[in-house]
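Open the model in your viewer and keep the selection panel at hand. The stops below go one by one.

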Amino acid sequence: MAKEKTAKKSAERKKTSKQDKKILVIVESPGKVKTIEKYLGASYNVKASMGHLIDLPKSRTAIDVDHNFEPEYITVRGRAKILKELQTDAKKSGKVLLACDNDREGEAIAWHLRNAITAKNELVPIERISFNEITPQAVNDAVLNPRSIDESKVAAQKARRVLDRLVGYNLSPLLWKKVKNGLSAGRVQSVALRLICEREKEVESFIPEEYWTLEADFKSGKTTYTAQLVLWNNSKPDLKNEAEVKAIIEKIQNNECFVSDVRETEKTIRPKAPFTTSQLQQTAANRLGFTSRKTMQVAQQLYEGVAIGASRVGLITYMRTDSVRISNTALEDVRNWLSKNFPNELPQKAVEYTVGKNSQDAHEAIRPTYTDYTPDSIKEYLTKDQLRLYTII
């Protein structure tokens with residue numbers, strides 16, 4: 001009887017001890033740690049992997065082409081200490097949540113972390129969570145709805161890395177020998193160079209043809225408008241040079257001209273679609289003079305969280321996306337904000353944009369996470385570059 005009571009107490013202690021353990025959340029970037037820790041509370045321990053901890057070695061191809069193109073993975077140089085610390089933290093935790101970015105690279109990082117942690121401790125439960133914005137609701141919803149690792153995304157990332165090695169590591173040495181040492185070629189550069197060369201050939205082979213149009217200002221009452229010459233000597237004018245235009249001007253200068261037709265058309269101007277990654281980079285380059293690298297660095301800061309007074313807030317959704325889709329919750333939030341601030345400008349129905357057939361549509365478009373945080377209201381908390389980029393988003 002005493003043995004049964006002792007065993008029961010021991011089992012209860014183990015159960016209580018497991019419940020008391022913190023849940024380990026692993027993210028990629030250290031910039032997210034403080035924000036997510038604050039949202040989740042004291043029962044969670046948030047750590048950063050600092051990106052990839054396990055990858056292909058840099059010094060060689062490391063792809064076994066004779067055995068189903070199997071990649072050879074190693075711990076990234078200088079990252080062994082971080083991996084060991086995460087394995088130790090996982091062992092002390094009641095559960096591990098892998099919160100790497102919700103893309104192919106993030107999925108691969110989560111996959112490697114799961115395998116590395118399981119190799120040291122098979123008993124610790126490991127789940128995958130993902131979110132598109134770093135806000136309290138998004139983070140807590142992700143924790144309440146964990147999922148398994150998407151093996152298809154992992155396979156896609158693995159295929160990309162294999163192609164990088166098979167193309168790049170074989171083609172780059174040829175460039176060093178034939179063109180210049182230090183140049184790189186690979187899966188993306190080779191195709192991009194081909195497209196550029198083909199377009200350049202089209203430009204060079206194009207034969208420009210000069211043409212002119214003739215316009216005149218007409219007045220009807222108090223209204224002045226511009227009309228274009230569409231009929232000369234009962235035929236459509238074909239003005240090939242300046243001399244032909246001047247000859248017509250001399251003939252009509254002191255004579256009457258007639259407006260044969262006035263055409264009125266109605267145009268509906270739709271607001272531009274929300275940003276995808278490429279559109280954000282293009283707009284930031286044109287308006288702000290940012291390089292693509294700088295745009296993504298500043299966007300990463302806005303996504304991971306900025307200190308607004310005493311709180312830390314993720315201001316935009318995930319900045320790597322090819323979709324123009326907006327969630328229903330976000331649309332409702334925007335329409336409520338418009339109804340309060342610009343009621344006369346609120347359309348009856350929200351404009352919906354079609355996602356391209358080649359879009360992966362894994363994430364929403366890039367948008368602000370909170371409508372209340374307008375650029376003017378939080379400009380004192382943002383750097384100059386953060387404010388400029390946040391404003392155009």
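How many cavities of 30 Å³ or more does a search of the whole structure find? The search finds 1. Bear in mind throughout that this is a predicted model.

**Stop 1: the cavity**

Select S49, G51, L53, I54, I109, H112 and L113, which line the largest cavity. Its volume is about 30 Å³. Now colour helix α4, residues 104-120. Helix α4 gives the most to this lining, with 3 residues.

**Stop 2: two positive phi angles**

Go to M50, in the loop between β2 and β3 (54-55). M50 is not a glycine, yet its phi is positive, at about 60 degrees. Is M50 buried or partly exposed? Its relative accessibility is 40%, so M50 counts as partly exposed.

Move on to A62, in the loop between β3 and β4 (63-64). A62 also has a positive phi of about 60 degrees without being a glycine. Here the relative accessibility is 10%, so A62 counts as buried. The cut-off for buried is under 20%.

**Stop 3: the open sheet**

Show the strands as cartoon. Which order do the 4 strands of the open sheet follow? The order is β2-β1-β7-β8, and the pairing is parallel. At the edges sit β2 (44-48) and β8 (126-128), each pairing on one side only. From one strand to the next, the twist averages 25 degrees. As background, strands of a sheet pair through backbone hydrogen bonds, either parallel or antiparallel.

Zoom in on β1, residues 23-27, and its neighbour β2. These two strands pair in the parallel sense over 5 bridges. Pick V25: its bridge partner in β2 is V46. Then pick L24, which stands opposite N45 in β2.

Stay on β2 and show its side chains. Which residues make up its covered face? They are Y44, V46 and A48. The uncovered face of β2 has N45 and K47.

**Stop 4: the helix across the sheet**

Select α3, residues 80-92. Helix α3 lies across β1, β2 and β7 (95-98). Against β2, helix α3 runs at about 165 degrees.

**Stop 5: S93**

Follow the chain out of α3 to S93, in the loop between α3 and β7. Why does S93 count as buried? Its relative accessible area is 9%, and buried means under 20%. Draw a distance from the side chain of S93 to the backbone oxygen of D89: it reads 2.6 Å. Next, show the contacts of S93 beyond four places away in sequence. S93 touches K21, K22, L24 and V124. L24 is also the residue that stands opposite N45 in β2.

**Stop 6: the second largest pocket**

Finish with the second largest pocket, where about 850 Å³ of space lies. There are 26 lining residues. Which of them are closest to the pocket centre? Select A227, Q228, L229, V230 and F258.

Now colour the elements around this pocket. β9 (215-220), β10 (223-228) and α8 (242-252) each supply at least two lining residues. β10 gives the most, with 4 residues.

Terms used:
Residues numbered from 1 in each chain as written. Predicted model: local features only at pLDDT ≥ 70, side-chain atom pairs only at ≥ 80, totals over all residues. Heavy atoms only, no water. Pairing = 2+ DSSP bridges. Axes fitted to C-alpha atoms, helices over the stretch in contact; angles between N-to-C directions. Contact = heavy atoms within 4.5 Å. Buried < 20%, exposed > 50% of the residue type's maximum accessible area, 1.4 Å probe, protein only. Polar contact = N/O pair within 3.5 Å; in protein donor to acceptor, adjacent residues only side chain to side chain. 1 Å grid on protein atoms, 1.4 Å probe; cavity = no way out; pocket = protein on both sides within 12 Å on 5 of 7 lines; lining within 4 Å. Points joined across faces, edges and corners; volume = space filled by probe spheres on them.
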